[in-house]
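This report describes the fold of a single protein chain, from its overall make-up to individual residues. Please keep the sequence and the model at hand while reading.

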Amino acid sequence: MTAIVGFSAFFGLTLMFLGCAVATGLAARRKLHLVSVGCAVASEVIRVIRDDGLLEHSKVMGERLRQGLLEIADASPHVGQVRGRGLLQGVELVTDKGSLTPLAGAASRLTGLAHDRNLMIYSCPTPLHDTVIEAVMLAPPLNLDEADVDEIVNRFGDAVAGLAL
């Protein structure tokens, strides 16, 4: 998992630096050289993704992740739907699968349960008219391997099981 954290931190810091560089350069109309540096960093990130085959790899690992999440959904009364593409997957949390009624507060509770298991997921409650769709998002790094995906699925499954308690 060290490689996952390392790449994730590198990628996140790269995007943060790029965003800061663009905001600083364009908003203040000075220090435009930061935009050049940010673009160079972004270009290098794109090169690594292309040359290391991370896009194709993420498709394969994403399918493995999705299958694991679908198995959790089949076993849990609180997982309504699993949606996503590649390694970016969303899970809708419901009171029952028939009506897909959102399970109030479940996204933040599940996020806490996942964090207790050293798994980072994102709480994504989404207002829709007079209701709030309770959902969480999984977005692991592109360079994880099969063992990492299996560990994520196991930890997520344990966290979902904790919702029923």
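## Basis of the description

This is a predicted model, in which local features need pLDDT of at least 70 and side-chain atom pairs count only at pLDDT 80 or more, while totals for chains, interfaces and linings use all residues. Residues are numbered from 1 along each chain as its sequence is written, and side-chain values use heavy atoms, with hydrogens and water left out.

## The chain as a whole

The protein chain holds five helices and six strands, where helices (H or I, at least four residues) and strands (E, at least two) are DSSP runs numbered from the N terminus. Along the sequence these elements follow the pattern α-α-α-β-β-α-β-β-β-β-α.

Of the 165 residues in the protein chain, 32% are buried; buried means under 20% relative accessible area, exposed over 50%, and partly exposed in between, with a 1.4 Å probe and protein chains only. The accessible surface of the protein chain is about 9500 Å², and 61% of this surface belongs to carbon and sulfur atoms; the areas come from the Shrake-Rupley method with a 1.4 Å probe, and for residues only the protein chains shown count as cover. Among contacts (heavy atoms within 4.5 Å) in the protein chain between residues at least 6 apart in sequence, 52% join residues at least 24 apart.

## The four-stranded sheet

Four strands form an open sheet in the order E1-E2-E6-E3, with antiparallel pairing; two strands pair if DSSP finds at least two bridges between them. The edge strands, each pairing on one side only, are E1 (79–85) and E3 (122–123).

Strands E1 and E2 run antiparallel and are joined by six bridges, and the bridge partner of Val 82 in E2 is Val 91. Their hairpin has two residues between the strands, and Gly 86 there takes a positive phi near 60 degrees. Four bridges join E2 to E6, again antiparallel, with Glu 92 standing opposite Ala 135 in E6. Strand E6 (residues 135–138) is also joined to E3 by two bridges in antiparallel fashion, and Tyr 122 has Met 137 as its bridge partner in E6.

Helix H5 (residues 146–163) lies across E1, E2 (88–93) and E6, and runs at about 165 degrees to E6; axes are lines fitted to C-alpha atoms, for helices over the stretch in contact, and angles run from 0 to 180 degrees between N-to-C directions.

The largest nonpolar core has 27 residues, of which Val 91, Leu 110 and Phe 156 touch the most other members; such a core is a set of buried Ala, Val, Leu, Ile, Met, Phe, Trp, Tyr and Cys residues joined through side-chain atoms within 4.5 Å. At least two residues of this core come from each of H3 (54–75), E1, E2, H4 (106–116), E6 and H5, and H5 supplies the largest share, seven residues. Leaving aside neighbours within four places in sequence, Leu 110 is in contact with Leu 93, Ile 121, Val 136, Phe 156, Ala 159, Val 160 and Leu 163.

## Two loop residues with positive phi

Leu 100, in the loop between E2 and H4, has a phi near 55 degrees, a positive value in a residue other than glycine. Leu 100 counts as partly exposed, at 29% relative accessibility.

Asn 118, in the loop between H4 and E3, has a positive phi near 60 degrees and is likewise a residue other than glycine. With a relative accessible area of 65%, Asn 118 is exposed.
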